[in-house]
Amino acid sequence: MDPSQNKPIGVIDSGVGGISVLKCIRAHLPHENLIYVADSKFAPYGEKSNEEITHRVLTVFDFLNKQEVKSVVVACNTATAASIQIVRNKFNYPIIGMEPAVKPASLISKNKVVGVLATSGTLLSAKFSALLEHHGNDIHFITQPCFGLVELVETGDLESPALTILLKKYIDPLLKEDIDTLVLGCTHYSFIKSAIQNLIPDHIKIVETGDAVANYLKHVLIEKHLINQNTALGTIDFWTNSLDQNADNVIARLWGGDLRGFHYKGLWI
């Protein structure tokens, strides 16, 4: 057995949103050891410059390299847009990024009107502009920056009246444009999917990317002969630099389900 196969996979995000992707990775790759890093002290990334985001991402990668990871998933659309090429050029193991599910949404939409909820950082990125241009020939994409949603999810707020009011403010303009498909362009938004569904008609399909990313990660690990051959359930270590004393409870709540292999490691920086 190649010793590299037993090394962990790193999963990073500006905060706790990437746990939605972590769940998908766990489902597809249950025997892999996972290290999740939430850079919550510096969340959200959406309103930071590319230089600031890249500095944070490189800081997290430095930490993960000390853990001898075999691959890293950048489970953050904004961080992917700002720095994925830089980290791929710098490190020689597989690095998987995220991008809003514009392509699948364009294939699903029947009336060719698609709404996109995302952070301003994602929507203003050159990577996202190129994505829209590539898939937008016959699709009308309506983008909506969502200030404040990440911060609410970071505190574990998934259903409060304040959240509903904010969501309604962002979703109503999209409904007026007669969208039939809605892209969740931030991993944090997966945790408020139920609240979003309560505000849209049943015919509108919601599209996410976590499952596709996990599937692609599995494909890459198989191709690179990096799949863990152990049959035991892999461990999961959670690290965060959140200053919120309730951070461990928020992480445990968002992770949910089976907590075997769960290790809450606390502050990493």
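This report describes a helix pair and a sheet in a predicted model.

## Basis of the description

Residues are numbered from 1 along each chain as its sequence is written, and side-chain values use heavy atoms, with hydrogens and water left out. In this predicted model, local features need pLDDT of at least 70 and side-chain atom pairs count only at pLDDT 80 or more, while totals for chains, interfaces and linings use all residues.

## The sheet

Six strands form an open sheet with parallel pairing, in the order β4-β3-β1-β2-β9-β10. Strands are DSSP runs (E, at least two residues), numbered from the N terminus, and two strands pair if DSSP finds at least two bridges between them. Strands β4 (95-96) and β10 (262-266) stand at the edges, each with a single partner strand, so one side of each lacks a neighbour in the sheet.

Strand β3 (residues 71-74) runs parallel to β4 and is joined to β4 by two bridges. Valine 72 lies opposite isoleucine 95 of β4.

## Helices α2 and α3

Helix α2 (residues 50-66) packs against helix α3 (residues 77-90) at about 55 degrees, with the axes 9 Å apart. Helices are DSSP runs (H or I, at least four residues); axes are lines fitted to C-alpha atoms, for helices over the stretch in contact, and angles run from 0 to 180 degrees between N-to-C directions.

In contact (heavy atoms within 4.5 Å), residues of α2 including Ile53, Val57 and Phe61 meet residues of α3, among them Ala82, Ile86 and Lys90.
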